[in-house]
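This briefing is meant for a reader who is meeting the structure for the first time. Please look over the sequence and the model below before going on to the points grouped by topic.

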Amino acid sequence: MRRILLPILGLVLLALAFGGNASAQLLDPADLHVGTGAGTNCATGSGAPGCVGDPNIISATGFDIYYNPNTHSSQLPIGDPFYLIIATPVYTGSTNSPTVGGTATFYDPYPGGTTSTVSVGGAVPSTGGEMTSGDLYANIGLGPFANNSFEFDNMVACDVGTTGGGGCANSGLQGSNAPLFGVNITGYDVFTFSIGTTAFSPNDLLDFTGNLPVGSYVAAIGVDYSALGGKGEAWAVPFTESGIVTTTNVPEPSSLLMLGAGLLAMAILAGRRTLTA
């Protein structure tokens with residue numbers, strides 16, 4: 001009897017293990033798009049007319065997350081936790097300290113809906129440490145809830161401009177057009193920023209400000225563990241709709257003029273003091 005029960009018990013445990021993993025493979029989570037900021041032509045990502053992504057090119061100081069209704073998902077409001085994710089490239093001389101404004105503007109829906117603000121937490125380094133391979137969402141511990149297109153190799157390819165079969169799909173980021181062309185990227189520092197809302201729904205948009213290093217990637221993920229009868233559901237940015245920063249934050253011409261005027265005034269004042277002495 002014991003010889004019979006042990007194999008049966010083993011099969012039951014194996015079935016439970018695979019059943020648990022299968023339930024983690026949820027409805028298609030690719031609902032979220034990273035855009036170029038509220039009021040811009042590409043605010044809703046590459047689905048907007050004239051916007052070509054894979055990934056989407058964004059600025060260092062402004063970007064957004066848009067909830068694109070995906071017919072393969074439940075289209076429910078987003079869950080908790082809800083994270084903005086910034087991945088910054090690691091290479092010789094890199095500076096990996098992204099900043100994001102403490103509030104984001106919430107458009108419900110976008111455009112033309114009501115606006116409010118939601119809180120954005122500070123940068124929290126990923127528990128997975130420096131990402132040197134694998135998937136972005138797996139690096140922050142939420143891999144089972146998202147597809148695996150957000151791979152390290154895809155990220156490096158568009159940052160350094162790799163072409164060919166395994167290269168960057170965005171033709172505007174190939175070769176010397178890439179933000180870090182010729183740079184040897186060894187990894188990515190990954191940071192999460194908690195977003196204080198569970199009301200983010202189809203056609204809504206969150207507009208962010210900040211200052212991100214060149215070559216950074218922007219993504220997001222939300223998880224509701226209680227959805228779909230306890231199986232849980234996720235909402236995430238696929239690599240094809242992520243944001244990539246291609247230029248650093250350059251001061252506006254007016255700011256440069258003010259800086260130059262200040263330096264000139266200081267030089268004149270220093271000259272007068274010398275003559276007086």
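The model is a predicted one, in which local features need pLDDT of at least 70 and side-chain atom pairs count only at pLDDT 80 or more, while totals for chains, interfaces and linings use all residues. Residues are numbered from 1 along each chain as its sequence is written, and side-chain values use heavy atoms, with hydrogens and water left out. Helices (H or I, at least four residues) and strands (E, at least two) are DSSP runs numbered from the N terminus.

- Strand E3 covers residues 62–67, and because 6 of its 6 residues are buried, it is largely enclosed by the rest of the structure; here buried means under 20% relative accessible area, exposed means over 50%, and partly exposed lies in between, with a 1.4 Å probe and protein chains only.
- Gly62, Asp64 and Tyr66 point one way from E3, whereas Phe63, Ile65 and Tyr67 point the other way, and all of them are buried.
- Strand E1 (residues 32–35) runs antiparallel to E3 and is joined to it by 4 bridges, where two strands are taken to pair if DSSP finds at least two bridges between them.
- Strand E10 (residues 205–211) is also antiparallel to E3, with 5 bridges joining the two, and Gly62 stands opposite Thr209 in E10.

**Helix H3**

- Helix H3, which spans residues 152–160, is mostly covered, since 7 of its 9 residues are buried, and these are Phe152, Met155, Val156, Ala157, Cys158, Asp159 and Val160.
- The buried residues of H3 pack against strand E4 (82–90), strand E9 (187–194), strand E11 (217–224) and strand E13 (243–245), with contact meaning heavy atoms within 4.5 Å.
- Just after H3 comes Gly161, which takes a positive phi of about 85 degrees.

**Disulfides**

- With a disulfide defined as a pair of cysteine sulfur atoms within 2.5 Å, the count comes to 2 disulfides, and if the bonded cysteines of the protein chain are numbered in sequence order, the pairing reads 1-2, 3-4.
- Cys42 is joined to Cys51 with an S to S distance of 2.0 Å, and this disulfide is left-handed because the torsion about its S-S bond is about -95 degrees.
- Cys42 is partly exposed, with a relative accessible area of 22%, whereas Cys51 counts as buried at 8% relative accessibility.
- Cys158 and Cys168 form a disulfide with their sulfur atoms 2.1 Å apart, and with 90 degrees about the S-S bond this link is right-handed.
- Cys158 lies in helix H3 and Cys168 in the loop between H3 and E9, so the pair ties together parts that are 10 residues apart in sequence; both Cys158 and Cys168 are buried.

**Asp135 and its surroundings**

- Asp135 is found in the loop between strand E8 (124–125) and helix H2 (136–139), and this aspartate is buried, with a relative accessible area of 9%.
- The side chain of Asp135 reaches the backbone nitrogen of Tyr137 at 2.9 Å and the backbone nitrogen of Ala138 at 3.1 Å.
- Once its neighbours within four places in sequence are left aside, Asp135 is in contact with Asn147, Asn148, Ser149, Phe150 and Glu151.

Definitions and conventions
A polar contact is a pair of N or O atoms within 3.5 Å; within protein, one must be able to donate a hydrogen and the other to accept it, and residues adjacent in sequence count only if both atoms are side-chain atoms.
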